[in-house]
Structures are given as structure tokens and as C-alpha cells.
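User: I have a model open and would like to learn how to read its features one by one. Could you walk me through a few of them?

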Amino acid sequence: MTGEIAIPVRVECYSGYRADERPEAFWLGRRRIGVREILDRWLGEDRAYFKVAAEDGARYVVRRDDRCDRWELVLMDATPSPTMEARG
């Protein structure tokens, strides 16, 4: 992803066989957003990307920048997912 705006975020991670294996929640300011499901994940050069469905009904792309040892929010889609619409 080139030319995007990245917002630094604090992320709570599951750590399995490696540290910071996958996000479980992240913070936007003072708001904690839980990760309901990881929809996709891929690797870029020195970065790991995670497309997640969050507890607030939105979808986000967060990435771990291994060069700087930080997490960033690079995309948010606030369109309700079909499963959230079905719940009402």
C-alpha cells in the first residue's frame, strides 16, 4: 500500500509462537475496539497487514511495521457488515 495515511494505534495482541502474532483489540484515542474476526492477512515488505471485522461493526486494516516496531491503522470501512445488519 503506497501513499496511504497511517495513524499510529496501540494494539493488544495474541502472542503465540511469536510476539504480536495477531491483533485482538486496538485503541483509537481513548476508545478500545475489539477484533471480532480476522478477515484476511498478508505480508508486505517489512510489514504485516490484518483486515479485521471489529465489535463496532466496522472493518479495519491495521498493520505492524517491523522496522519501527509499531502498529498503524491504514483503512477503515464503517459500512455495516451483513452479519451486523442481521443482528439489528
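**Reading charged pairs, core and turns**

Analyst: Let's begin with Arg47, which counts as buried at 19% relative accessibility, where buried means under 20% relative accessible area, exposed over 50% and partly exposed in between (1.4 Å probe, protein chains only). This is a predicted model, in which local features need pLDDT of at least 70 and side-chain atom pairs count only at pLDDT 80 or more, while totals for chains, interfaces and linings use all residues. Residues are numbered from 1 along each chain as its sequence is written, and side-chain values use heavy atoms, with hydrogens and water left out.

User: With which residue does Arg47 form a salt bridge?

Analyst: A salt bridge here is a side-chain nitrogen of Lys or Arg within 4 Å of a carboxyl oxygen of Asp or Glu. The partner of Arg47 is Asp65, with the closest N and O atoms 3.3 Å apart. This pair links distant parts of the chain, 18 residues apart: Arg47 sits in strand E4 (residues 47-54) and Asp65 in strand E5 (residues 59-65). Those labels are DSSP runs numbered from the N terminus, with helices (H or I) of at least four residues and strands (E) of at least two. Asp65 is buried, at a relative accessible area of 1%.

User: How many salt bridges does the structure hold?

Analyst: There are nine. Another one joins the side chains of Asp77 and Arg59, at 2.8 Å from N to O. Asp77 belongs to strand E6 (residues 70-77) and Arg59 to strand E5, so this pair ties together parts 18 residues apart in sequence. Asp77 is partly exposed at 28%, whereas Arg59 is buried at 19%.

Glu72 and Arg70 make a further bridge, their closest N and O atoms being 2.9 Å apart. Glu72 is buried, with 4% relative accessibility, and Arg70 is partly exposed, with 39%. Salt bridges with shared partners also join Arg47, Asp65 and Arg67 into one network.

User: Now for the nonpolar side: which residues have the most contacts inside the largest nonpolar core?

Analyst: In soluble globular proteins, nonpolar side chains tend to be buried together. A nonpolar core is a set of buried Ala, Val, Leu, Ile, Met, Phe, Trp, Tyr and Cys residues joined through side-chain atoms within 4.5 Å. The largest has 14 residues, and Phe26, Phe50, Val52, Tyr60, Val62 and Trp71 have the most contacts inside it. Strand E1 (7-14), strand E3 (31-44), E4, E5 and E6 each supply at least two of its residues, and E4 gives the most, with four.

Look at Phe50: leaving out residues up to four places away in sequence, its contacts (heavy atoms within 4.5 Å) include Ile38, Tyr60, Val62 and Trp71, as well as Arg41 and Arg64.

User: How many bridges join E3 to E4?

Analyst: Two strands pair if DSSP finds at least two bridges between them. E3 and E4 run antiparallel and are joined by eight; Glu37, for instance, stands opposite Ala53 in E4. Strand E2 (residues 22-28) also runs antiparallel to E3, with four bridges, and Ala25 has Gly34 in E3 as its bridge partner.

User: Which residue takes a positive phi in the hairpin of E3 and E4?

Analyst: That is Asp46, near 65 degrees, in a hairpin with two residues between the strands. Asp46 is not a glycine, and is partly exposed at 38%. In the hairpin of E2 and E3, Gly29 takes a positive phi near 65 degrees. Asp69, in the loop between E5 and E6, has a positive phi of about 55 degrees and is exposed at 64%.
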